[in-house]
Amino acid sequence: MTAIKHALQRDIFTPNDERLLSIVNVCKAGKKKRNCFLCATVTTERPVQVNVVKVKKSDKGDFYKRQTAWALRDLAVVDAKDAVKESPEFDLHFDKVYKWVASSTVEKNTFISCIWKLNQRYLRKKIDFINVSSQLLEESVPSGENQSVAGGDEEAVDEYQELNAREEQDIEIMMEGCEYAIANAEAFAEKLSRELQVLDGANIQSIMASEKQVNILMKLLDEALKEVDQIELKLSSYEEMLQSVKEQMDQISESNHLIHLSNTNNVKLLSEIEFLVNHMDLAKGHIKALQEGDLTSSRGIEACTNAADALLQCMNVALRPGHDMLHAVKQQQQRFSDLREQFARRLASHLNSVFVQQGHDQSSTLAQHSAELTLPNHHPFHRDLLRYAKLMEWLKNTDYGKYEGLTKNYMDYLSRLYEREIKDFFEVAKIKMTGTTREGKKFATLPRKESAVKQETESLHGSSGKLTGSTSSLNKLSVQSSGNRRSQSSSLLDMGNMSASDLDVADRTKFDKIFEQVLSELEPLCLAEQDFISKFFKLQQHQSTSGTTTNEAEEMDGVALSRSYTSGVPQTVSSEKDMIRQMMTKIFRCIEPELNNLIALGDKIDSFNSLYMLVKMSHHVWTAQNVDPASFLSTTLGNVLVTVKRNFDKCISNQMKQMDEVKISKKSKVGILPFVAEFEEFAALAESIFKNAERRGDLDKAYIKLIRAVFDSVEKVANESQKTPRDVVMMENFHHIFATLSRLKISCLEAEKKEAKQKYTDHLQSYVIYSLGQPLEKLNHFFEGVEARVAQGIREEEVSYQLAFNKQELRKVIKEYPGKEVKKGLDNLYKKVDKHLCEEENLLQVVWHSMQDEFIRQYKHFEGLIARCYPGSGITMEFTIQDILDYCSSIAQSH
């Protein structure tokens, strides 16, 4: 340890002018055993500074480096852990607690003892030593000559004084005089002693010689003391004079202080008065405007607005402490309160009268809109009322009760006004929708009373009869021939040349335009009213956010769909935004019921109208959501869209139900089934309606359901058909379905189109094989026996040696089928096929060509068997393939 101490003193502390007094080898408690040294050091310069230094060995070599240093004055507590038991652990409390474990208890005690000594000697602030043996501290107290090594060193440091340059020079001169013969120290000391005695004698003589000068100096001192006494007497008189002057000056200073204090108080009082006058004084013009201002003219409204703002500023001024206790301030505040109450009452009364007056003026203009499908324009009404917007804001901030009353009165009156307008508007829309019947007969153009029109529309709403138009109940239709269907369709023609389908298209187009016009009139009306409410009543509207798209409402029930159109807005909305929705809901409470009634009427007129309504309503919902996804318009249209979607689903379900309940006639030939033709009409109509529509997904899902229902119903009718073969029903109808899907190119039905083609092909082949059968029956039975023998193991060239299958038997069978008989059989087959097939699908030639190919295939099969089993016999059929082609061609041309 001594070697380490010397090394640390030499390498670390000597360059920093420090002396190392004590050292202890420690490591941190509870961590890896990485040893370091705690050193107690003092500086060699004055004032002495005591430090505790942490030194550790460098990781790159064997040298030591200084890591951390703490001033001893920052040490608060030394905790030795246990005063009885010996323990190497101890704590030092600096800015935080440092826990150490010494390599030995002796080193720890020595280090703590050194710290205690340094604290006793250099620090005014005493360090707390806890859990330290009192015996150790008592032994450490320095007494007399029994001092520790550390204490002796410190005193030695204090007593030692370095020689200055002059002292070094004198010692050198002295040693030169002795010729540096310091070997005999006693002789040198005696010489120095003699010289010192000589110097002392000289000093004594010099003192004795100066006694005379001392006496003279004493006399001078006595005279000086007398002069000092005289000066003191004069200073005493001067002091008495100055004391009276001081008293006078104190009085003047106190008077000046009182004057300054008075001036300061006057300035402060003036400042307070100016503050109250500037901030709580309302101009006479403003008072007159509030009491008598004209609220009908623009200039009067502006004057009242400025006066109301000035009054609000005076009432809201931030008074300083104590102002509210002044009587004048209380009077002024009461006056302001009376003015505010008076003006608020006058403003509320005037605005209520404005609501009533404007409403009467608006009602007078309703007559001109009664015959047109347009809603009255409320822009002039809004423009006139917006002049009072700032006054409404003032009323909202000063008297919320009257503001709330005005809001309620506005909602009550406007709701009645809008209810009249909207109901009249929807009545006109219903009249226009029902203005043409399905038979093309128009309603009488004579004027009818509004009650009669209303009664008529209500009867339409309540009717439970079957739908008119192309979606009439299929369960009451029987499968008819194409001729019958054409004759029935022609009976629906009016006196003009318009067909029933053309009439349907015209009526649906008319309905679509009317429904679009209704929505187009409602949207600006609602948006304009919402914008006016926001500006007039000073309410914040929702900002446009990315709401839920309309496609997200697919396959949802009513609740979920309604929720989807309001979930695009954050749930934490302000009360003002909620108030806008509540006001709009109350004002336009009749819009949603009227829209639902109009939708029900359109659905009663023609269930296909639900397609138009779904597309139009979806587009308007999408547009409203882009403007404001949480607005009244967006929410209302979203709720109505739920009804439209349900009607659309109901239309699809009804069609599927009608397909399932279809009945066929047992006496009539089955051709293209009505629901197959109606699916074609539905798909063509839907494709024209849903072109570039937002809710294409709904139509695609409806397509899937309908086409599956069509497939199932076709198979059901084919299985139940008695007059027409099953394969013919399947073949013709699936061919028609395939042609329809190929023409319309509906992407979601590609799989069904392939399936329809496959079913058509399969049933065509099945019908051809079944109908053609075995036209050469005996020849067929003969060759079946030949094939059976070959299958039993007889070689093909040996079959002719069989008695039942020799050449003579073969020639006998062939002679039974001359060309004339073959042609006659084919002609009968053609007639049979023509009887089975319908003219609408025009598949006769396709089927006949397939039968021709199948007959030729059988012919080639027979020729092959003759060539293999009867080689060299020269036996051939009595007709050729060319004969078959000629027979088939002539038969087809003759019919």
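Author: Buried means under 20% relative accessible area, exposed means over 50%, and partly exposed lies in between, using a 1.4 Å probe and protein chains only. The model is predicted, so local features need a pLDDT of at least 70 and side-chain atom pairs count only at pLDDT 80 or more, while totals for chains, interfaces and linings use all residues. Residues are numbered from 1 along each chain as its sequence is written, and side-chain values use heavy atoms, with hydrogens and water left out.

The part to look at is strand S2, residues 36-43. Strands are DSSP runs of E with at least two residues, helices are runs of H or I with at least four, and both are numbered from the N terminus. S2 is mostly covered, with eight of its eight residues buried. In a regular strand the side chains alternate between the two faces of the sheet. In S2, Cys36, Leu38, Ala40 and Val42 point one way. Phe37, Cys39, Thr41 and Thr43 point the other way, and the residues of both groups are buried.

S2 has partners, where pairing means that DSSP finds at least two bridges between two strands. Strand S1, residues 18-28, pairs with S2 over eight bridges in the antiparallel sense. Within that pairing, Cys36 of S2 has Val26 opposite. Strand S3, residues 50-57, also runs antiparallel to S2, and six bridges join them. Here Thr41 has Asn51 of S3 as its bridge partner. S2 and S3 make a hairpin, and six residues lie between them.

Now the setting. The protein has eight strands and 30 helices. Of its 895 residues, 41% are buried. A contact means heavy atoms within 4.5 Å. Among contacts with a separation of 6 or more, 73% are between residues 24 or more positions apart. The accessible surface comes to about 50,700 Å², and carbon and sulfur atoms account for 52% of that. Such areas come from the Shrake-Rupley method with a 1.4 Å probe, and for residues only the protein chains shown count as cover.

Helix H19 spans residues 591-605, which is 15 residues, and reaches 21 Å from first C-alpha to last, close to the 21 Å expected at 1.5 Å a residue. That expected span is 1.5 Å times one less than the number of residues. Its buried residues include Ile591, Leu595, Leu598, Gly602 and Ile605. Glu594 and Asp603 of H19 are also buried.

A loop gives another covered position. Ile875 sits between helix H29 (844-869) and helix H30 (881-894). Ile875 counts as buried because its relative accessible area is 9%. Leaving aside residues up to four places away in sequence, Ile875 touches Lys807, Leu810, Arg811, Ile814 and Ile866. Leu810 is 65 residues from Ile875 along the chain, yet their C-alpha atoms are separated by 8.3 Å.

Met218 counts as partly exposed because its relative accessibility is 44%. Together with Val214, Ile216, Leu217, Leu220 and Leu221, Met218 makes a nonpolar surface patch of about 540 Å². Patches are made of residues with over 30% relative accessible area and no salt bridge; like charges are joined within 9 Å and nonpolar side chains (Val, Leu, Ile, Met, Phe, Trp, Tyr) within 5 Å.

Charged pairs come last. A salt bridge is a side-chain nitrogen of Lys or Arg within 4 Å of a carboxyl oxygen of Asp or Glu. The whole structure holds 28 of them. One joins Lys99 to Asp91, with the closest N and O atoms 3.4 Å apart. Lys99 is partly exposed at 43% relative accessible area, whereas Asp91 is buried at 3%. Another links Arg383 and Asp384 at 3.7 Å, N to O. Arg383 is partly exposed at 47%, and Asp384 is partly exposed at 23%. In a third, the closest N and O atoms of Lys535 and Asp531 are 3.1 Å apart. These two residues are about one helical turn apart because they are four residues from each other in helix H16, residues 500-536. Lys535 is partly exposed at 41%, and Asp531 is partly exposed at 30%. Elsewhere, salt bridges link Glu341, Arg345, Asp399 and Lys402 in a network.
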